[in-house]
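This report is written for a reader who is meeting the structure for the first time.

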Amino acid sequence: MTMINGTFFVLAALLVYGTFIIGVLVATRSGKFTPKIRRIAALDSIEEAVGRATEMGRPVHYTPGYGDITSSTAPQTFASFDVLTYVVGLTAKYNTQLIVTCKSPQSFPLIQELVRQAYLASGKPDMFQEDTVRYISDAQFAWAAGVLGIFNREKVAANIMIGYFMAESLLFAEGGAQVGAIQVAGTGNLAQTAFFVAACDYTLIGEELFAGGAYLSQDAVKLGSLGGQDYVKLATMALISVGTLLATFNSKWLVDLMSK
Amino acid sequence: MNISTNPWVWFMGIGMLCLFSFIYKENPMYRLFEHIYVGASAGYAVVVNFGNILDRAWTPLTTKGEVNLIIPIILGLLLYTRFFKQIAWVSRWSMSFLVGIGVGISTFGLLQSQLLAQSRAAMVPLIVRGSDGSFILSQSINNIIMVAGVLSVIFYFFFAMEQKGAAKQVSGFGRYVMMITFGVAFGNVAMGRLSLLLGAMSDIFGKWLGILG
Amino acid sequence: MWQKLQNIDRRIIYTLLLIVLFVPMAKPLGIPLSVNETTQTVFDTIEALDPQSDTVLFVLDYSVGGQADVHPQAVAVAKHLGRRGIKTVMVGFVTDGPMFAEQIIAELGDRFTYGETVINLGYMSGGETAVKSFVEDPKNSFENDHRGNRVANTPIMSGIETIKDFSYIIDFQTGAPGYQDFLRQLPAGFPYAAGIVTVCVPNVIPYYNSGQLHGLLQGLRGAAEYEVVLGEPGEGAARMDAQSMGHVVIIAFIVVGNLAYFMTKRSVKKSA
Amino acid sequence: MRRGVPLAIVFIVGTLLLLNYFVANDTLKATSTNLVNWGVIVSAFAVGLASVNLVRIHINKISRQRPGWINSVALVATMAIFISVGIYTKLNPDNAGAKALFQNLFDHSYSPFGSAMFAILAFYVASASYRAFRMRSLEASLLLIAAVLVMLGNAPIGELVWDKFPVISNWLLRVINMTGQRGIAIGVAIGGFATSMRILLGFDRGHLGQGE
């Protein structure tokens, strides 16, 4: 067994950063420490959005986006599931219809199960219908065409889009705005964040997407993980600062080490 | 060029126009072609995946004796236990298999090509000198902006910290950098999107109606 | 009135955009366009080739989805090759390639003689593996061309033994396989140029700067620039004019919206 | 069985795949290639499951004659045509007629309809920038100005007005845009990494549904 060239530093990072995250997580779970999370306006606004849909007696639309669970987009999809669980709870509380549209056939059974169980946990199993979670198509623009149709025909009043998105982001954001829906969005795909920022009412930027689960559920495990992420960021900032100073003085020591 | 006499091209042209009509208003013709399109693509997905099962599982299993392929076939079939309440929980095995794949193949890339490669690329000299040792002002300024920008954007994402005072200023600068980034991204795709529309227009007006071209 | 200009119906914007795009497509305006050095390189290289001895490998690695940017480039370069009578061997490493090759040959039929100055070898599957095997043995990679002729019997292929018998490779691409695959498989320093989609430009520029690419056509603009140096305005130039007009409309509406916003704010202040 | 087995599957499959990136070992490599291939096969079965949901929703609409049921007929019929022609072609690869029919179906519906929906984005870029780009705050102004400068740098007409537009837009793209993207990418990677770790090690079970 030999290590593949150029992966030494990655392994070191995996162990060190992983220890930060799991360490803080375990400390939080055992009640030794509780990170206090700052306000994230876009996440607060979800309740407002669902509330408004309730007042208008119109449905809430949720989509976890283009991403699936078997590729590099998986973490963003999982982050979306956390927010979805919260949204199901809200719609159960307010008795508001929820429509979840889904592009990835792989995540479809997971989403269906998640929504069904979340309604069960909220004591409203009857709110889960066969057409609550809808697989539309795994072709990007067919799914987009279907979602735009749903916006118009079912008069969606709140549109929540959290997960990995591609070019359909603007179709949804602009299409949602045209039916007057209040929109909350978030994606880790940088190129598409721009459209969400421009066209939606509230947007989760970058890593904020991954804060949703902890922030909304106040679950100790997730809060701890979020606290651990801060330490990883601190370490990354330190690493960049040291590397920059070394580079300024013509040393490539760190850059070389990182390639090992 | 003349108007096309090919019925397939007519179907294509009418379908495209009906889908385009959505930008005016959602209407019965859009609805019809939306459903045709969804049906076509969902059917196509079934065909492609039927082929996948046939080529990757069934054929090697039955003709080459690759017995291990019985495992994914069983896992795949177990997904359908969801239709039977009593044993529905078994489908979780298949789902967790997929989840395991997702976690297994995304973690390394996140660390190596995203986190570490980007950190490494951010390490640039703050004082840039030419090959003859002369100081290059413009590049030095660019590099200082880049390092300060990256650090403050990362700082913006600290969650377990109230952002007040100096901290607020730093993360505020990070937010400004991000806003310009988003503006650039938005402005930059305008061209690509217009290209696509021009392509679609030339299909409709050129290939089908024969006006352009 | 300013209040109204803050909320212009989107359909007005769409209609204007459509008209403004359509007019230059039907009748190009000829807005002057500066020509990138990367485009000029491709033109100069082809201009310096000798119709007697040189053969160009014309690779069509683009799919239907990305053709809007790249197909006009391929047409413009093919026009140049045809006009100069340079022998052109077309091949595709994506499935749609041969179809576009046929389209180009049909459109420029009077500039080429099939089998003598142009040939469409067809599609070779396997991505980078296919590129590798073609580079290693271009002569025997195809038995029959896309039209079913025996490749060995065609005059154009009679002079081709190894990849070095091609004087220039130009590869029009929308993704993989593309420049990275070719640069990995070709002998170092081989004259290879790429035609790419606009969104890829930032990623590809470093390869041109490092000298690995002998020319680069950048998106639809690259096509338009090529038509300019060629002196034959075509689809690229027309669409580039349309691009300009489209951008003008978008920016104009942003300006109007902001003007209206500030004027309304001012009048609200005044009345308060 | 209900709780332990799924967590074990995630851990074993995930760890094997992750390990394969670090260690050069033929058995491990073969195993992970197999696992990924199995993933494709299981995913293929998932497409069937999802399609059942799609068809059931529309059959329901048709049988209850809900408003718009005729569209559901179109959907189910198109789907049936694609599936039957496609599978027939797959099983009889030598039948040129079926092959051509399937190609025509693809080339004249699936593919161009996708381009049509994609092209709608050009209109939406225009309306979204008109609606959203107002100088309400410093942040909104930065967004707007950057977008307009880049548009002027890209379109030839901008260059005609002032030849420095491409220079400015290039600088924005190469310096500021790069900086912002880098910072955000690092954050996203950290968040994604933490999520993956929680799931891999079984701290997070939300994806398997809560309760029983």
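## The second largest pocket

Helix α6(B) gives the most to the lining of the second largest pocket, with six residues. The model is a predicted one. This pocket holds about 990 Å³ of space, and of the 33 residues lining it, those closest to its centre are A:Ala41, B:Tyr156, B:Arg175, B:Met179 and D:Glu139.

Several elements each supply at least two residues of this lining: α2 (41-56), α7 and β7 (202-205) of chain A, α6 of chain B, and α4 (96-132) and α5 (138-154) of chain D. Sorted by class, the lining of the second largest pocket has 17 nonpolar, six polar and ten charged residues.

B:Ser171 counts as buried because its relative accessibility is 5%, and buried means under 20%. If its neighbours within four places in sequence are left aside, B:Ser171 is in contact with B:Ser152, B:Phe155, B:Tyr156 and B:Gln163. One of these contacts, B:Tyr156, is also among the residues closest to the centre of the second largest pocket.

## Chain A as a whole

Chain A has ten helices and seven strands. Its C-alpha trace spans about 65 × 40 × 40 Å along the principal axes. Of the 260 residues in chain A, 65% are buried. When contacts between residues at least 6 apart in sequence are considered in chain A, 71% join residues at least 24 apart.

Helix α7 of chain A, residues 190-199, is largely enclosed by the rest of the structure, because nine of its ten residues are buried. The buried residues in α7(A) are A:Leu190, A:Gln192, A:Thr193, A:Ala194, A:Phe195, A:Phe196, A:Val197, A:Ala198 and A:Ala199. Helix α7 of chain A also supplies at least two residues of the lining of the second largest pocket. In helix α3 of chain A, residues 74-94, lies A:Gly89; this glycine counts as partly exposed because its relative accessibility is 26%. From C-alpha to C-alpha, A:Gly89 is 48 Å from A:Leu254 in space, and the two are 165 residues apart in sequence.

## The second largest cavity

The count of cavities of 30 Å³ or more comes to two. In the second largest cavity lies about 30 Å³ of space. Its lining consists of A:Asp82, A:Phe210, A:Gly213, A:Ala214, A:Lys222, A:Ser225, A:Leu226, A:Gln229 and D:Arg198.

Two helices of chain A, α8 (212-217) and α9 (220-248), each supply at least two residues of this lining. The most comes from α9(A), with four residues. By class, the lining of the second largest cavity has three nonpolar, three polar and three charged residues.

## The sheet of chain C

In which order do the six strands of the open sheet in chain C stand? The order is β3-β2-β1-β4-β5-β6, and the pairing is parallel. At the edges of this sheet are β3 (118-123) and β6 (216-218) of chain C, each of which pairs on one side only. Neighbouring strands of the sheet are turned against each other by 15° on average, direction ignored.

Strand β1 (residues 55-61) and strand β4 (residues 168-173) of chain C run parallel and are joined by six bridges. Within this pair, C:Val59 stands opposite C:Asp171 in β4(C). Helix α4 (residues 67-84) of chain C packs on the sheet, where it touches β1, β2 (87-92), β4, β5 (192-196) and β6 of chain C, and the direction of this helix makes about 155° with that of β4(C). Helix α5 (residues 97-107) of chain C also packs on the sheet, touching β1, β2 and β3 of chain C, with its direction at about 160° to that of β3(C).

## An alanine in α4 of chain C

C:Ala78 is found in helix α4 of chain C. Is C:Ala78 buried or exposed? C:Ala78 counts as buried, because its relative accessibility is 1%.

Neighbours within four places in sequence left aside, C:Ala78 is in contact with C:Phe58, C:Ile104, C:Leu108 and C:Phe112. C:Ala78 and C:Ala101 lie 9.9 Å apart in space, C-alpha to C-alpha, and 23 residues apart in sequence.

Notes: Residues are numbered from 1 along each chain as its sequence is written. Chains are lettered from A and ligands numbered from 1 in the order in which they are written. This is a predicted model: local features need pLDDT of at least 70, side-chain atom pairs count only at pLDDT 80 or more; totals for chains, interfaces and linings use all residues. Side-chain values use heavy atoms; hydrogens and water are left out. Two strands pair if DSSP finds at least two bridges between them. Axes are lines fitted to C-alpha atoms, for helices over the stretch in contact, and angles run from 0 to 180 degrees between N-to-C directions. Contact means heavy atoms within 4.5 Å. On a 1 Å grid over the protein atoms alone, a cavity is a set of points where a 1.4 Å probe fits but cannot get out, and a pocket is an open set with protein on both sides within 12 Å along at least five of seven lines; lining residues have an atom within 4 Å of a point. Grid points are joined across faces, edges and corners, and a volume is the space filled by probe spheres set on the points. Ala, Val, Leu, Ile, Met, Phe, Trp, Tyr, Cys and Pro count as nonpolar, Asp, Glu, Lys and Arg as charged, and the others, Gly among them, as polar. Buried means under 20% relative accessible area, exposed over 50%, partly exposed in between (1.4 Å probe, protein chains only).
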